[in-house]
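I opened this entry to keep a record of what I looked up in the structure, taking the chain as a whole before turning to single residues.

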Amino acid sequence: MRRVRSAGSAHAGVAEWLLQRVTSLYMGGFVIYAIVHLSLSPARDHAAWKAWFATGHVRIAWALFLASILIHAWVGMRSIYLDYLHPLWLRFSVTLLTALGLLALALWAARILLA
Amino acid sequence: MAHALNVHAPGERLARDGIHGVPVGTKRMDAAGGRFTLWPLRNFLSRRQGVEFAYIIKEGCILTGMGKNKKRPVYLNLFKIRLPVGGILSILHRATGAFLVLLLPIALYILQHSLQDPATYAKIAAQAATPVGRLVVLVIVWVFAQHFFSGVRHLLLDVGIGDSKPAARRNAWLAFAASLAVVALTGVCL
């Protein structure tokens, strides 16, 4: 029992595990869609590029893509830090900086998407 | 779990560490033949496994343990650890992932400016078409493709596809080959 308790609760990390996989599936799908679309009708100039991005469903797909990237990046970087940054103060500071940085990127992405 | 599957292919001989529940390579860790995979190393060093202490006893070799339990040496010298191809791919997955995160602000900057006005769009397109620009694009494509294919491999291992030892090694090589193929294809298209 002591051994079990020291290992933490059994479901810890399941949410992160699932988020990492769900976001990866979405990003994979989106990237394949974007590559297929852009090879069939390449954005040769600014107008074509902007027109594609302005379409309602494409913009929503981009929004979900950027959100997925940020979530995926958060879970991934956090697990790298958990494994390789051992002093608590270092792990805490780097994790905090990453969280703030990703939040800033999220706000920036929102601005681009709403422009 | 993906990393565990990845580094220790089933069938590999492992002993269970009775205290931490951590798999430990059965081979003796002598100076020359310190064969070790990175998974027990990761476990030993992570706080979550409850390792109370770890200290260096000689070059490339540490002791870890908990309380009264037996101390055992673990090789930390990466040059003395022979990692299977899946392990290398797994580390590369992390490295490429971290690199892509660092690239995010640049990507957002380019996205924002490419949407701004025709002149900026043309400038970005011209930049990407220069030899240096093409090289940068190819490197980014390789990093992304590598992360993509090792990620796909992880997802497949999660659902139990290709997780036998020979299959896992084969599709690790396949992930390398696929990313290089994507780079070659991009190079042709550029």
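**Chain B as a whole**

I began with the accessible surface of chain B, which comes to about 10600 Å², with 68% of that belonging to carbon and sulfur atoms; areas of this kind come from the Shrake-Rupley method with a 1.4 Å probe, and for residues only the protein chains shown count as cover. I note at the outset that this is a predicted model, in which local features need pLDDT of at least 70 and side-chain atom pairs count only at pLDDT 80 or more, while totals for chains, interfaces and linings use all residues. Residues are numbered from 1 along each chain as its sequence is written, chains are lettered from A and ligands numbered from 1 in the order in which they are written, and side-chain values use heavy atoms, with hydrogens and water left out.

I then looked up burial and found that 40% of the 190 residues of chain B count as buried, where buried means under 20% relative accessible area, exposed means over 50%, and partly exposed lies in between (1.4 Å probe, protein chains only). For secondary structure I recorded six helices and five strands in chain B, these being DSSP runs numbered from the N terminus (helices H or I, at least four residues; strands E, at least two). Along the sequence, the pattern of chain B reads α-β-β-α-β-β-β-α-α-α-α. Of the contacts in chain B between residues at least 6 apart in sequence, 57% join residues at least 24 apart, a contact meaning heavy atoms within 4.5 Å.

**Helix 4 against helix 5 in chain B**

At what angle do helix 4 and helix 5 of chain B pack? I found about 85 degrees between helix 4 (residues 118-129) and helix 5 (residues 131-158) of chain B, with their axes 4 Å apart; the axes are lines fitted to C-alpha atoms, for helices over the stretch in contact, and angles run from 0 to 180 degrees between N-to-C directions. Helix 4 of chain B is therefore roughly perpendicular to helix 5 of chain B, on a scale where angles under 35 degrees count as roughly parallel, over 145 as roughly antiparallel, 65 to 115 as roughly perpendicular and the rest as oblique. Helix 4 of chain B contributes Gln127(B), Ala128(B) and Ala129(B) to the contact, and helix 5 of chain B contributes Pro131(B), Gly133(B), Arg134(B) and Val137(B). I sorted the residues of this contact into four nonpolar, two polar and one charged, with Ala, Val, Leu, Ile, Met, Phe, Trp, Tyr, Cys and Pro counted as nonpolar, Asp, Glu, Lys and Arg as charged, and the others, Gly among them, as polar.

**Nonpolar cores**

The largest nonpolar core has 31 residues, and those with the most contacts inside it are Trp49(A), Trp62(A), Phe65(A), Leu66(A), Leu108(B) and Leu111(B); such a core is a set of buried Ala, Val, Leu, Ile, Met, Phe, Trp, Tyr and Cys residues joined through side-chain atoms within 4.5 Å. At least two residues of this core come from each of helix 2 (14-40), helix 3 (46-54), helix 4 (56-84) and helix 5 (88-114) of chain A and from helix 3 (85-116) of chain B. Helix 4 of chain A gives the largest share, 11 residues. Apart from this core lies another, of five residues, among them Leu89(B), Ala172(B), Ala175(B) and Phe176(B).

**Single residues**

Is Gln146(B) buried or exposed? I found Gln146(B) buried, with a relative accessible area of 1%, within helix 5 of chain B. Neighbours within four places in sequence aside, Gln146(B) is in contact with Leu89(B), Leu92(B), Thr96(B), Ala175(B), Phe176(B) and Ser179(B).

His93(B), in helix 3 of chain B, is buried at a relative accessible area of 14%. Not counting residues up to four places away in sequence, His93(B) touches His147(B), Ser150(B), Gly151(B) and His154(B). The C-alpha atoms of His93(B) and Gly151(B) are separated by 7.2 Å, although the two are 58 residues apart along the chain.

Met27(A), which I located in helix 2 of chain A, is buried with a relative accessible area of 13%. Ala63(A), in helix 4 of chain A, counts as partly exposed at 28% relative accessibility.
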